[in-house]
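Hi,

Here is the structure I promised to pass on. Have a look at it first, and my notes follow below.

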Amino acid sequence: MKRYLLLAVCFLALAALAAHLLSEPELDPELIDTASVRTITATQGRELMHDGGAYVLIDVRTEEEFITLHIPGAILLPDTMLAGRIAEVAPDWDTRIILYCQTGRRSAGAAVHLVELGYINVYDMGGIVNWPYETVSG
């Protein structure tokens with residue numbers, strides 16, 4: 001009986017370890033050490049969006065704010081849902097992520113949180129109030 005119990009415990013431990021290893025990608029320790037939030041201006045953000053490199057532009061405001069006005073190509077991912085849904089839009093740790101909100105407070109907090117989660121290419125563009133370029137509604 002003890003042998004079966006020990007076998008069951010070992011099996012459960014291996015299953016938990018396998019689930020953990022399969023759920024999180026391998027992180028390069030050198031990249032983790034250099035990861036930090038880069039605070040950028042609207043102009044710098046626009047340049048990043050037009051330099052030909054891949055990026056994900058995330059609006060961390062509410063759905064109501066997003067519908068009223070947002071930057072073309074932005075994905076709505078409210079800061080309250082960020083941790084649970086970021087992998088849907090940025091499955092790789094080195095995805096270039098550009099964040100914005102209304103005034104810059106929520107995007108700053110979201111950017112720090114993403115770096116804490118392991119993302120290494122995070123840009124905080126601040127608030128849409130400082131975005132002098134094209135916007136859309138709807």
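Let me begin with Gln44, which is partly exposed at a relative accessible area of 37% (buried is under 20%, exposed over 50%, partly exposed in between, with a 1.4 Å probe and protein chains only). Gln44 belongs to helix H3; helices (H or I, at least four residues) and strands (E, at least two) are DSSP runs numbered from the N terminus. Between Gln44 and Tyr123 there are 79 residues in sequence but 9.9 Å in space, C-alpha to C-alpha.

Some housekeeping: this is a predicted model, where local features need pLDDT of at least 70, side-chain atom pairs count only at pLDDT 80 or more, and totals for chains, interfaces and linings use all residues. Residues are numbered from 1 along each chain as its sequence is written, and side-chain values use heavy atoms, with hydrogens and water left out.

The mean pLDDT (the predictor's confidence in each residue, from 0 to 100) is 83, and 75% of the residues reach 70 or more. Residues 4–34 have pLDDT below 50, and that stretch has seven contacts (heavy atoms within 4.5 Å) beyond near neighbours in sequence.

Now the sheet. Five strands make an open, parallel sheet, ordered E1-E5-E4-E2-E3; two strands pair if DSSP finds at least two bridges between them. E1 (37–39) and E3 (75–76) are the edge strands with a single partner each, so one side of each has no neighbour in the sheet. H3 (residues 42–49) packs on this sheet and touches E1, E2, E4 (97–101) and E5, its direction making about 135° with that of E5 (axes are lines fitted to C-alpha atoms, for helices over the stretch in contact, and angles run from 0 to 180 degrees between N-to-C directions).

What about E4, enclosed or open? Five of its five residues are buried, so E4 is largely enclosed by the rest of the structure. Ile97, Leu99 and Cys101 cover one side, Ile98 and Tyr100 the other. Four bridges link E4 to E2, and four link E4 to E5. Ile97 is the bridge partner of Val56 and also stands opposite Val122 in E5.

One last thing to look at: Asp124, in strand E5 (residues 122–127). Asp124 is buried yet has no salt bridge, and the nearest side chain of opposite charge, Arg106, is 10 Å away. (A salt bridge is a side-chain nitrogen of Lys or Arg within 4 Å of a carboxyl oxygen of Asp or Glu; Lys and Arg count as positive, Asp and Glu as negative, and His and the chain ends are not counted.)

Cheers
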